[in-house]
Amino acid sequence: MGKLDDKVAIVTGAGRGIGRVIALDYAKEGARVVVASRTPATVEAVVGTIESAGGTALGLTVDVGERDQIDDMVARTVGHFGQLDILVNNAQGFGTKAAPAGSPGFVALEDFPEDTWDHTFQTGLKASLFAMQAAFPHLRERGGKIINFGSGNGIGAMKGTAAYNATKEAIRSLTRTAAAEWGKYDICVNVIVPTMVTDSAEAFFEARPGIREKLAQQIPLRRFGDVGRDIGPVAVFLASNDSDFITGQAIHVDGGQILRP
Ligand SMILES: NC(=O)c1ccc[n+]([C@@H]2O[C@H](COP(=O)([O-])OP(=O)(O)OC[C@H]3O[C@@H](n4cnc5c(N)ncnc54)[C@H](OP(=O)(O)O)[C@@H]3O)[C@@H](O)[C@H]2O)c1
């Protein structure tokens with residue numbers, strides 16, 4: 001018996017990094033998983049990995065910066081599997097719509113460009129909201145779980161990444177509001193605040209020399225998260241019945257970095 005048997009989950013940004021691991025772990029726990037991400041090749045690869053291990057997945061190439069694609073993602077999920085139980089809003093775009101980047105660049109607040117601001121919010125806060133709105137009619141029928149993503153950058157006011165900080169803090173507020181409004185439908189809404197070594201984290205470290213060492217020193221457990229080991233079990237817990245009485249919370253999977261000793 002898996003912890004997510006009979007459940008259907010959408011994971012955005014599931015092509016690589018944290019989203020990929022969550023998609024694989026959900027499938028291992030028995031969920032039928034919609035692997036939704038921007039690059040067709042990575043979507044296909046993750047679907048292939050799930051299916052070779054005996055799981056069930058549907059791959060959808062989705063740009064979460066486009067609302068019609070989000071609506072289509074939810075409609076195709078329900079059309080294919082007949083239900084939706086879990087929504088993981090993991091994808092987050094950086095850079096601009098015309099020139100997407102692999103991580104948030106560093107720009108002084110006084111110079112912050114509007115197009116970067118807009119793209120960060122479109123693919124972060126607004127994408128999370130639009131996916132939640134599209135999922136709501138289906139989750140309301142059976143109860144469900146929504147997992148959003150915040151960032152220590154927002155909480156700790158990382159200098160130079162204003163748009164990313166603001167969209168991630170807005171997502172935390174959106175999460176609490178949704179938890180308050182949708183609790184009566186048995187929909188739990190929580191946010192994960194991770195510190196994991198992934199492609200975007202590596203790009204972030206590369207863009208600002210010395211930041212890796214500085215951040216590492218803030219982590220009481222004295223290491224960055226290992227994406228293969230540290231994130232999946234928490235994401236499974238928040239999607240499973242084991243967390244049925246937890247909502248509106250920010251779960252820090254960050255080795256205690258939030259404490260900033
Ligand atoms: N890693 C950390 O320590 C950390 C810390 C704080 C918060 N987070 C948050 O955790 C989440 C996952 O982070 P990560 O480190 O795993 O990121 P990542 O390695 O950059 O992976 C992001 C995934 O999202 C996809 N994606 C990006 N823009 C998209 C769009 N517009 N539409 C659909 N998919 C899109 C990417 O697809 P492509 O492969 O096609 O680009 C990729 O598969 C993000 O919300 C991030 O802000 C991470």
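Predicted model: local features only at pLDDT ≥ 70, side-chain atom pairs only at ≥ 80, totals over all residues.
**Entry: the core**

I started with the largest nonpolar core, which has 68 residues, and Ala9, Val11, Ala23, Tyr26, Val33 and Val35 touch the most other members. The biggest share of this core comes from α4, with 9 residues. A nonpolar core here is a set of buried Ala, Val, Leu, Ile, Met, Phe, Trp, Tyr and Cys residues joined through C-beta atoms within 7 Å. Buried is 20 or more other C-beta atoms within 10 Å of the residue's own, exposed is 12 or fewer, and partly exposed is in between, with C-beta atoms placed from the backbone.

Residues are numbered from 1 along each chain as its sequence is written.

Next I looked up valine 11. Setting aside neighbours within four places in sequence, I found it in contact (C-beta atoms, placed from the backbone, within 7 Å) with Gly19, Ile22, Ala23, Tyr26, Val33, Val34, Val35, Ala36, Val88 and Asn90.

**Entry: helix pairs**

My labels follow DSSP runs, with helices (H or I) of at least four residues and strands (E) of at least two, numbered from the N terminus. Axes are lines fitted to C-alpha atoms, for helices over the stretch in contact, and angles run from 0 to 180 degrees between N-to-C directions.

I see Arg20, Ala23, Leu24 and Ala27 of α1 meeting Val46, Thr49 and Ile50 of α2. These divide into 5 nonpolar, 1 polar and 1 charged. The classes are Ala, Val, Leu, Ile, Met, Phe, Trp, Tyr, Cys and Pro as nonpolar, Asp, Glu, Lys and Arg as charged, and the others, Gly among them, as polar.

Then came α3 (residues 67–81) and α4 (residues 114–142), whose axes come within 9 Å and cross at roughly 30 degrees. Arg67, Ile70, Asp71, Val74 and Val78 in α3 meet Ala127, Phe130, Ala131, Ala134, Ala135 and His138 in α4. I count them by class as 8 nonpolar, 1 polar and 2 charged. The crossing of α3 past α4 is right-handed.

What angle do α4 and α6 (residues 162–182) make? About 15 degrees, with their axes 9 Å apart. The α4 side of the contact includes Trp117, Phe121 and Met132, and the α6 side includes Tyr164, Lys168 and Leu174. By class, this contact has 11 nonpolar, 5 polar and 1 charged residues.

**Entry: single residues**

I checked two positive phi values in residues other than glycine. Aspartate 186 has phi near 65 degrees and sits in the loop between α6 and β8 (187–194). It counts as partly exposed because it has 14 C-beta neighbours inside 10 Å.

Arginine 222 has phi near 60 degrees and lies in the loop between α8 (211–217) and α9 (232–239). Is arginine 222 buried or exposed? Exposed, with 9 C-beta neighbours inside 10 Å.

Last, I looked up glutamate 51 in α2 (residues 40–52). Glutamate 51 and leucine 4 are 47 residues apart in sequence and 16 Å apart in space, C-alpha to C-alpha.

Terms used: Left-handed = near helix turned anticlockwise from the far one by under 90°. Contact = placed C-beta atoms within 7 Å.
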